[in-house]
Amino acid sequence: MAISFFDLFKVGIGPSSSHTVGPMVAANQFVHQLEDLHLLDKTSRVKVDLYGSLGATGKGHGTGSAVLMGLEGEMPESIDPAPVTDRVRGIQETAQLNLLGKHSIVMQVDSDLIYHKIDRLEFHANGMTLQAFDDDFECLHSATFYSVGGGFIVKEDEQGNVALVEDTTPLPHTFHDAKTLLSICKQESKSIAEIMMENEQTWCSTDAIKAGILNIWAVMQGCVQMGMRQEGILPGGLKVKRRAASLYRDLSSKSSMELITPALGAMDWVNLYALAVNEENAAGGRVVTAPTNGAAGIIPAVLHYYFEFCPNATEQGVIDFFLTATAIGVLFKENASISGAEVGCQGEVGSACSMAAAGLAAALGGTPEQIENAAEIGMEHNLGLTCDPIGGLVQVPCIERNAMAAMKAINSASMALRGNGTHHVSLDKVIATMRATGRDMNEKYKETSRGGLAVNVIEC
């Protein structure tokens, strides 16, 4: 499978890439299918069934709103998140929805958008089926999609089979494990970032790649800035207070806390960067999947650390960071999973921590072996991390967890750079272990809100 930087890092809206970005894309594809089949004008009703994790935590994760916006023709990278709440309220109050923004149908949200909290489809925990009906309630078209993490979706065919449509573009450097990647780097006498850049050039020019990477970095910076300005209570009913703005004021004015712990000043800022992003994500704001929305704050926080606290930080360092992080993300995507509903939060926060550790090590001049070591450390100490969001919301423990993982990524890079790249557990072994741990993990700890903190903390 050929996976690009632009596959892993996508602009979207919160609070969840698997529950928001993927379902919006799926709904958009479904309504375009109706148009291609000349069925759009004949459609008078659409029914959506959400299964598995989408059904169990979809309400708290904004899945319903994402589906409605997708049916109206919106896409995650271009939608304006500000009016979404009002638009959804309008659909609920009028029971009218405009397919692709041009064909009005009846949409009774309470009865046409069903959350199946227990049932799940066989292929993946994040399954959804959409059906279009005519005036006589005869089914015109039906399609089943799976949101497999990070905004990626796959579709079930008419025989009920799921065929992963892989990008088979031949790459100059093909690798499916870290061992092969390190071997290529040694043979070519090139860095991981250089290897990835040459692969990316298969799809577009060097200038376009750099511009695209820097655009993603700009969106991340904008998300941090937005998060540091917003105050109030996050939506959803838990009454979680946004902290980034007050923390920013404290740090900017050299607060007493900073004076008490001067050696930890950088850590306070890293915490701020991660909190700002994930509060924006929890509020349904614009974020970048990195590689998922639930873990969207880790890479931006570590990149801000690099740019603000590391001497001689450069734009090229940022590019090397992203390209190297992509290489590690590809390994997790191909050999395990980045879906919390599939392997728990180790697949989201753990993968992001590993990617960020590798990226920082690369930006600071680490060798391929040191970078692989940093990635391994970052994942090894996230093994077994469960996904048990309280109230089905991407808030507790998700927001703080990103801050903790960002610091863990920085420490992982620091430890690896102090060594020569030699270590006992390889990245390939830890990825295999993560996959096996996810397979053995009880289903209630995989983004269902039926275990862990979700059942041991009162929602109030």
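Me: Which residues in α9 meet which residues in α13?
Reply: W217, M220, Q221 and V224 in α9 meet I299, P300, L303, H304 and F307 in α13. The model is predicted: local features need pLDDT of at least 70, side-chain atom pairs count only at pLDDT 80 or more, and totals for chains, interfaces and linings use all residues. Residues are numbered from 1 along each chain as its sequence is written, and side-chain values use heavy atoms, with hydrogens and water left out.

Me: Why are α9 and α13 called roughly perpendicular?
Reply: They pack at an angle of about 95°, with their axes 10 Å apart. Angles of 65 to 115 degrees count as roughly perpendicular. The two helices are therefore roughly perpendicular to each other.

Me: What is the make-up of the contact of α9 with α13?
Reply: Its residues divide into 7 nonpolar, 2 polar and no charged. Ala, Val, Leu, Ile, Met, Phe, Trp, Tyr, Cys and Pro count as nonpolar. Asp, Glu, Lys and Arg count as charged, and the others, Gly among them, as polar.

Me: Why does G438 count as buried?
Reply: Buried means under 20% relative accessible area (1.4 Å probe, protein chains only). G438 has 0% relative accessibility, so it counts as buried. G438 is found in helix α19, residues 427–440.

Me: Which residues is G438 in contact with, leaving aside its neighbours within four places in sequence?
Reply: They are E342, V343, Q346 and K446. Contact means heavy atoms within 4.5 Å.

Me: What separates the C-alpha atoms of G438 and G232?
Reply: They are separated by 36 Å, and the residues are 206 apart along the chain.

Technical notes. Helices (H or I, at least four residues) and strands (E, at least two) are DSSP runs, numbered from the N terminus. Buried means under 20% relative accessible area, exposed over 50%, partly exposed in between (1.4 Å probe, protein chains only). Axes are lines fitted to C-alpha atoms, for helices over the stretch in contact, and angles run from 0 to 180 degrees between N-to-C directions. Angles under 35 degrees count as roughly parallel, over 145 as roughly antiparallel, 65 to 115 as roughly perpendicular and the rest as oblique.
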